[in-house]
Amino acid sequence: KGSTITAKCKTRINNLKMDDGKVEVDHSHWMSQLNPATTMSELSLPGTGGSFSYGSDQSGYYKSQTLDFGKQWERGIRAFEIVSSQRKTSFASEILTCNKEDITIGNRNLTVKEVVDSLLNRLAKPNCMETAMAIFTYQSNGGSDSQNSVSYMAKAMTYFNTISSDKLVLFKPGLTLNEAKGKLMIVVRPNQRDQNN
């Protein structure tokens, strides 16, 4: 009461009082609780940076993710940043990085293919009404690592073309939750202007 929230603007709300009725949302499948005709452009997808870096031990300003993929999903995360450089011949075998250091699980490196498979497997579960977005971010590793964002994009597209088209969805105006359910949206950031090389 007495407050106006402007559409399409960020708004911070403090001390929000709920009615006596209890409102519960299951974050692990929050999209299925929405009208399937809701367009993706009406939503703000909760996301994490360096989403699969929980296997690393980073400190400082850019810390690694503390929650594993399953816990992020349960808390409602649907936009996942996947950071890699450009050292391998195939995009699928690129090693994920955090603060320009390889992410390892035990004694092996974590690859793009592994995390994409994790996302696709989650979305392939029976009656899955969720969608997810994978944001691939190129981060130069310096040295022999190529700075060519065109080759990064070409390698990425070659890999994405190997994934069955019924598992991916193209973001477009008017795309609904019903059209996107059970599918993965992909965004590629082939360069970082704010990056120190």
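Which side chains meet in a salt bridge at 3.9 Å, N to O? Those of Asp68 and Lys71. A salt bridge here is a side-chain nitrogen of Lys or Arg within 4 Å of a carboxyl oxygen of Asp or Glu.

Quick housekeeping. This is a predicted model, where local features need pLDDT of at least 70 and side-chain atom pairs count only at pLDDT 80 or more, while totals for chains, interfaces and linings use all residues. Residues are numbered from 1 along each chain as its sequence is written, and side-chain values use heavy atoms, with hydrogens and water left out.

OK, back to salt bridges. The count comes to seven by that rule. For accessibility, buried is under 20% relative accessible area, exposed is over 50%, and partly exposed is in between (1.4 Å probe, protein chains only). Asp68 counts as partly exposed at 30%, and Lys71 does too, at 43%.

Now look at Glu130 and Arg78, with their closest N and O atoms 3.0 Å apart in a salt bridge. Glu130 sits in the loop between H2 and S7 and Arg78 in the loop between H1 and S2, so this pair ties together parts 52 residues apart in sequence. Glu130 is buried at 3%, and Arg78 is buried at 0%. Helices (H or I, at least four residues) and strands (E, at least two) are DSSP runs, by the way, numbered from the N terminus.

On to helix H2, residues 112–123. Its 12 residues reach 17 Å from first C-alpha to last, close to the 16 Å expected at 1.5 Å a residue; that expectation is 1.5 Å times one less than the number of residues. Buried in H2 are Val112, Val115, Val116, Leu119, Leu120 and Leu123. They cover an arc of only 135° around the axis, which puts them on the same side of H2; the arc is taken from the directions from the helix axis to the C-beta atoms.

Lys113 is partly exposed at 40%, and so is Asp117 at 27%.

Last thing, the core. A nonpolar core is a set of buried Ala, Val, Leu, Ile, Met, Phe, Trp, Tyr and Cys residues joined through side-chain atoms within 4.5 Å. The largest one has 30 residues, and Phe52, Leu119 and Phe136 have the most contacts inside it. H2 gives the largest share of this core, six residues.
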